[in-house]
Amino acid sequence: MKLNVYATPDCAADKDLKDKIVVVIDVLRATSTILAALINGCKEIIPAVEIEEVINMSKNYEKDSFLLCGERNIQGIDGFHLSNSPLEYTAEQVADKTLLLTTTNGTRAIKRAVDAKEVILCSMTNVDAAAEHIAAQQEDTVFICAGTDGQFSMDDVVTAGAVINRLKNKVENPSLGDLAVVAEAMYRANAHDLHTLLKDSLHYKRMMEAGLEEDIRYCLTLNAAPVVGIFRDGVIKIRDKFQN
Ligand code: MLT
């Protein structure tokens with residue numbers, strides 16, 4: 001079982017993803033938000049790269065069956081129901097609804113995983129569930145970090161390290177790529193205090209400046225949303241809601 005980490009979606013070529021288990025990570029905040037919506041009972045999430053795509057998709061849904069969701073440059077989008085704050089995705093808001101979501105980096109990373117054998121959504125909020133699911137597959141696995149504006153984002157890489165740290169205890173002799181080794185070592189050295197590790201990172205600082213401290217606290221809460229989110233045929237659902 002080979003484990004490889006790519007710092008941004010553009011670092012991975014299509015051939016690196018083809019027929020692999022692909023784990024997409026955008027801790028601050030897209031995958032944390034997606035997992036919060038899933039555990040709070042949304043029907044499904046449809047990720048899109050562009051705002052126009054989301055608005056056009058909404059025309060195919062009954063008025064109260066969907067929500068327009070997402071952000072650009074950390075801020076909510078005018079006319080949308082929800083931003084990209086996981087704290088907004090309560091059961092009262094999202095239960096049984098289809099969420100049409102677009103974010104600056106995260107949904108772009110999800111849509112990058114074309115030709116993957118399976119696409120798993122991961123954040124610090126579901127590392128144990130994700131590690132259990134990945135270990136059970138016993139397949140070569142690739143971690144795609146969403147990054148920030150095309151740059152390396154420490155929060156995503158240290159989360160890949162958290163999952164890899166767990167896999168090392170579940171899978172016999174996994175073969176780690178160089179960034180997988182670095183990610184796991186970074187997690188092991190900082191698991192006790194991720195905020196100190198991340199407080200000077202680009203996106204963490206931007207979110208603090210935008211007054212989103214509570215979002216950061218939630219997104220870095222270990223196993224706050226212990227579900228496995230799967231992206232398949234254009235739709236994200238909790239693993240057990242796909243008919244195999
Ligand atoms: C993203 O997808 O770029 C991030 O989740 C941005 C954010 O919501 O802070």
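Predicted model: local features only at pLDDT ≥ 70, side-chain atom pairs only at ≥ 80, totals over all residues.
Visitor: What radius of gyration does the chain have, and what would a compact globule have?
Guide: Let's start with the extent: along its principal axes, the C-alpha trace spans about 50 × 45 × 30 Å. For 244 residues, a compact globule would come out near 18 Å. The chain agrees with that, because its radius of gyration is 17 Å.

Visitor: What share of the residues in the chain is buried?
Guide: A residue counts as buried when its relative accessible area is under 20%. Of the 244 residues in the chain, the buried share is 57%.

Visitor: What share of the contacts with a separation of 6 or more comes from residues 24 or more positions apart?
Guide: Think of contacts as places where heavy atoms come within 4.5 Å. Take those in the chain with a separation of 6 or more; residues 24 or more positions apart account for 77%.

Visitor: Why is strand β7 described as largely enclosed by the rest of the structure?
Guide: In a regular strand, side chains alternate between the two faces of the sheet. In β7, Glu118, Ile120 and Cys122 point one way, while Val119 and Leu121 point the other way, and all are buried. Strand β7 is therefore largely enclosed, with a buried count of five of the five residues.

Visitor: Is strand β8 mostly covered or mostly open?
Guide: Look at each side of β8 (residues 141-145) in turn. On one side sit Thr141, Phe143 and Cys145, on the other Val142 and Ile144, and all are buried. With five of its five residues buried, β8 is mostly covered.

Visitor: Which residue in β8 is the bridge partner of Val22?
Guide: Strand β8 runs parallel to β1, joined by four bridges, and Tyr6 has Ile144 as its partner there. Strand β8 also runs parallel to β2, this time with five bridges. In β8, the partner of Val22 is Val142.

Visitor: Does Thr8 count as buried or exposed?
Guide: Thr8 lies in the loop between β1 (2-6) and α1 (14-17). Leaving aside residues up to four places away in sequence, Thr8 touches Cys145, Gly150, Gln151 and Phe152. Its relative accessibility is 8%, and the cut-off is under 20%. So Thr8 counts as buried.

Visitor: How are helices α7 and α8 oriented, roughly parallel or roughly perpendicular?
Guide: Helix α7 (residues 154-167) and helix α8 (residues 178-190) have axes 7 Å apart and pack at an angle of about 90°. Angles of 65 to 115 degrees fall in one class, so α7 and α8 are roughly perpendicular.

Visitor: How many nonpolar residues does the contact of α7 with α8 have?
Guide: Helix α7 brings residues including Met154, Val157 and Ile164, and α8 brings residues including Leu179, Met186 and Tyr187. By class, the contact also has two polar and three charged residues, and the nonpolar count is ten.

Methods: Residues numbered from 1 in each chain as written. Heavy atoms only, no water. Axes fitted to C-alpha atoms, helices over the stretch in contact; angles between N-to-C directions. Helix = DSSP H or I, 4+ residues; strand = E, 2+ residues; numbered from the N terminus. Parallel < 35°, antiparallel > 145°, perpendicular 65-115°, else oblique. Nonpolar A, V, L, I, M, F, W, Y, C, P; charged D, E, K, R; others polar. Buried < 20%, exposed > 50% of the residue type's maximum accessible area, 1.4 Å probe, protein only. Rg over C-alpha atoms; globule rule 2.2 N^0.38 Å. Pairing = 2+ DSSP bridges.
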